[in-house]
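The sequence and structure are shown first, and the description follows.

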Amino acid sequence: MSATIPLPDASAREDFPELGAQEASDLVSAVREGIPSRRFDALKELLGVSTQALADVVGISPSTLSRRRKRGRFDKDESERILRIARIALRAAEVLGGLENARKWLTEPARALGGEKPLEFADTEPGAREVERLLIRLEHGVYS
């Protein structure tokens, strides 16, 4: 079973190598081990949001973020949440034709999500799944 997620450009591939894993077991191992703390800043840059905005979405307090940066790795659950948002951002870039379009779409209210911003709606696993379903509908021309 392949876990490969298409990445929109080379820098994204370099920033999130876990998401390009050929096997699901490789991605699971990376999450269990804890992703490097630099992934947070890479995601912040990818999304074009503030540290606080991203910390809120992934559920990491400023003090925890500071400790993880010193340690160099996130815990398993934190890693999973960061990679979940990265996966959605990269998928949005693929579907919407680039990172700028994805940034705009992720940070503006979406009628299909009850007026919530997709990035904020994705702060839980069920919310993230709904955002991914919305991207699939957009990809297939089903505007909601």
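## The second largest pocket

In this predicted model, the lining of the second largest pocket contains seven nonpolar, two polar and three charged residues. The volume of this pocket is about 240 Å³. It is lined by 12 residues, of which Lys 104, Trp 105, Glu 108, Pro 109 and Ala 110 are the closest to its centre.

Two helices, α7 (99-106) and α9 (125-139), are the elements that give two or more residues to the lining of the second largest pocket. The greatest contribution to this lining is made by α7, with three residues.

## The largest pocket

The largest pocket holds about 270 Å³ of space. Its lining is made up of 12 residues, and those closest to the centre are Leu 27, Val 28, Val 31, Glu 80 and Arg 87. The elements that supply two or more residues to the lining of the largest pocket are α2 (24-33) and α6 (76-96).

With five residues, α6 gives the most to the lining of the largest pocket. By class, this lining divides into six nonpolar and six charged residues, with no polar ones.

## The cavity

How many cavities of 30 Å³ or more does the model contain? The count comes to one. The largest cavity has a volume of about 30 Å³, and its lining consists of Leu 46, Leu 47, Ala 89, Leu 99, Ala 102, Arg 103 and Leu 106.

Helices α3 (38-47) and α7 are the elements that give two or more residues to the lining of the largest cavity. The largest share comes from α7, which provides four residues. Helix α7 is also the element that gives the most to the lining of the second largest pocket. The residues around the largest cavity divide into six nonpolar and one charged, with no polar residue.

## Overall architecture

The secondary structure of the protein chain consists of nine helices and zero strands. Read along the sequence, the pattern is therefore written α-α-α-α-α-α-α-α-α.

The protein chain has 144 residues, and 43% of them are buried. Its accessible surface comes to about 7,600 Å², and carbon and sulfur atoms account for 49% of that area. Considering contacts between residues at least 6 apart in sequence, 53% join residues at least 24 apart.

## Confidence of the prediction

The average pLDDT of the protein chain is 90, and 90% of the residues score at least 70. Among the elements, helix α8 (residues 118-121) has the highest mean pLDDT, at 98. The lowest mean pLDDT, 66, belongs to helix α1 (residues 10-15).

Over residues 1-7 the pLDDT is below 50.

Notes: Residues numbered from 1 in each chain as written. Predicted model: local features only at pLDDT ≥ 70, side-chain atom pairs only at ≥ 80, totals over all residues. Heavy atoms only, no water. 1 Å grid on protein atoms, 1.4 Å probe; cavity = no way out; pocket = protein on both sides within 12 Å on 5 of 7 lines; lining within 4 Å. Points joined across faces, edges and corners; volume = space filled by probe spheres on them. Nonpolar A, V, L, I, M, F, W, Y, C, P; charged D, E, K, R; others polar. pLDDT = per-residue confidence, 0-100. Contact = heavy atoms within 4.5 Å. Buried < 20%, exposed > 50% of the residue type's maximum accessible area, 1.4 Å probe, protein only. Areas by Shrake-Rupley, 256 points an atom, 1.4 Å probe, with all protein chains shown as cover.
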